[in-house]
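User: Hi! Could you walk me through this model? I'd like to start with how helices pack.
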2 protein chains.
Amino acid sequence: MDTFYTDIDDLSEKEKLILEAACKIFSAKGFSAATTNEIAKEAGVAEGTIFRYFKTKKDILRGLFIQIANIIVDKMVLPSLEKILTDTSRKNTREIIREIIADRIKAVDVYFPMMKVVISEILFHEDIRALFVDKIVNRLIPVFDEFYLRKVAEGELRPVKTNSAMRAFVGNIMIFIIQKNVFADKLPIDDLDEEIESLIDVLLFGISNHTKY
Amino acid sequence: MDTFYTDIDDLSEKEKLILEAACKIFSAKGFSAATTNEIAKEAGVAEGTIFRYFKTKKDILRGLFIQIANIIVDKMVLPSLEKILTDTSRKNTREIIREIIADRIKAVDVYFPMMKVVISEILFHEDIRALFVDKIVNRLIPVFDEFYLRKVAEGELRPVKTNSAMRAFVGNIMIFIIQKNVFADKLPIDDLDEEIESLIDVLLFGISNHTKY
DNA sequence: ATCAAAAATGAGTGAGTACTCACACCTAGT
DNA sequence: ACTAGGTGTGAGTACTCACTCATTTTTGAT
């Protein structure tokens, strides 16, 4: 489909319409610069209708955020970690990780517009930040922990502090996604698969010259 | 000093005053939500005075950005890379890198408020994005290249793609800084030096179990 | 001390802003 | 056909915004 949350069904059609429009406008101009007038036009409803479903403009942002959080956690991250945890068909952890990361990096294109909104609002609104930690970070940490400790037990990964491993994972992927989605024109990524391969390589083995140590 | 660019001298006192105030207000609420009225009050000048020095509100942002770019490049990043390149006193590359990264992560506290502004505006304004690439990224890439290839030649670092190495560097540091400065209360970093040590470890050696390979 | 140019001022302006509300419209059940 | 309750509307409201400009204040050369 052309939209990313048409399958969410605990919302009325109108609410979906408004959130979808809000996402488009917010991601183009940012929350503060977006106007409820624009959102209404984009959604094809009257401005008053918006305020029947959302008390304030900020409530639209919160409503959008909840949907985004569910999508990121339930559709983007959890399934891939679970896939790694349950995939017994192949011995090679590297291959599985590469496949997952490649999938996610490519899938993120669809979600990036609204991720922009989340990123920028997290920086300035304490309540959105709290939502982010609550709905996303705290739900992902235990799953990553489980994945990581399992792989350490299997002898596939090295027992560094789990937080550091998670930061390395997220940091490497994040900056790749930013380069790909924000700076696509000025700092293009030529061969996507090759660059992803290189990302995995650095993530797994670091940049030091091992033979020396 | 209490401010970060008092030593910039190609600006009049009034301009500095206004930029400093703008930085404070922008970093608290974001560019769009900040008002010229607030900036004027914070700077202790009349609102009209602002528009004598900056044609539009966006020009204030651009003016601020230029200063920030110079500070990041000339005071934060270039000196540390140069220090690595010229430091012959110690053999241990790891120690030097750790020292530099630790210094930068601690120093960033001062600059983070304005970095927030840059980060969020890059996402939404093409012209700010172009400035960022032009004034920061393109100035740092060749220096990092030189540093990296030198260390590879010395046998200290592994010859992965330079872009990947740079992304690993930046990505790991960036996410650390974000955790430290944005999520300080909810996801605290307990032992800073220990966590930095771990960051370096993962950056240099990765997370895979080497003995297995 | 004088005065012209430059700098600073802040009330004013018109174009929006988020949000409201009285009314129109639709849909059932009878 | 009638009506009551929910749904949608968009002109209206009180207010805020970036920006202007006539006026006042400061400056510095004589």
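Analyst: Happy to. Helices (H or I, at least four residues) and strands (E, at least two) are DSSP runs, numbered from the N terminus. This is a predicted model, where local features need pLDDT of at least 70 and side-chain atom pairs count only at pLDDT 80 or more, while totals for chains, interfaces and linings use all residues. Residues are numbered from 1 along each chain as its sequence is written, and chains are lettered from A and ligands numbered from 1 in the order in which they are written.

User: Which residues of H4(A) and H6(A) meet?
Analyst: On the H4(A) side they include A:Phe65, A:Ile72 and A:Leu81. On the H6(A) side, A:Leu131, A:Arg139 and A:Phe147 are among them. Contact means that the C-beta atoms of two residues, placed from the backbone, lie within 7 Å.

User: And what classes are the residues in the contact of H4(A) with H6(A)?
Analyst: There are 16 nonpolar, no polar and 3 charged residues in that contact. Ala, Val, Leu, Ile, Met, Phe, Trp, Tyr, Cys and Pro count as nonpolar, Asp, Glu, Lys and Arg as charged, and the others, Gly among them, as polar.

User: Zooming out, how many helices and strands does chain A have?
Analyst: Chain A has 8 helices and 0 strands. Its C-alpha atoms fill a box of roughly 65 × 35 × 35 Å, taken along the principal axes.

User: How much of chain A is buried?
Analyst: Buried residues are 32% of the 213 in chain A. Buried means 20 or more other C-beta atoms within 10 Å of a residue's own, exposed means 12 or fewer, and partly exposed lies in between, with C-beta atoms placed from the backbone.

User: New topic: how many residues of chain A are in contact with chain B?
Analyst: 47 residues of chain A are in contact with 47 of chain B. Helices H5 (93-124), H6 (126-153), H7 (162-181) and H8 (192-205) of chain A each supply at least two residues of that side of chain A. H7(A) gives the most, with 10 residues. By class, this side of chain A has 24 nonpolar, 12 polar and 11 charged residues.

User: Nice. Which residues come nearest to DNA strand C?
Analyst: Of the 15 residues around DNA strand C, the nearest are A:Thr35, A:Gly48, A:Lys57, B:Ala46 and B:Gly48. A residue is near a strand or molecule if its C-beta atom, placed from the backbone, lies within 6 Å of it. H3(B) gives the largest share of this surface, 4 residues.

User: And which element gives the largest share near DNA strand D?
Analyst: There it is H3(A), with 4 residues. The surface near DNA strand D has 3 nonpolar, 7 polar and 5 charged residues.
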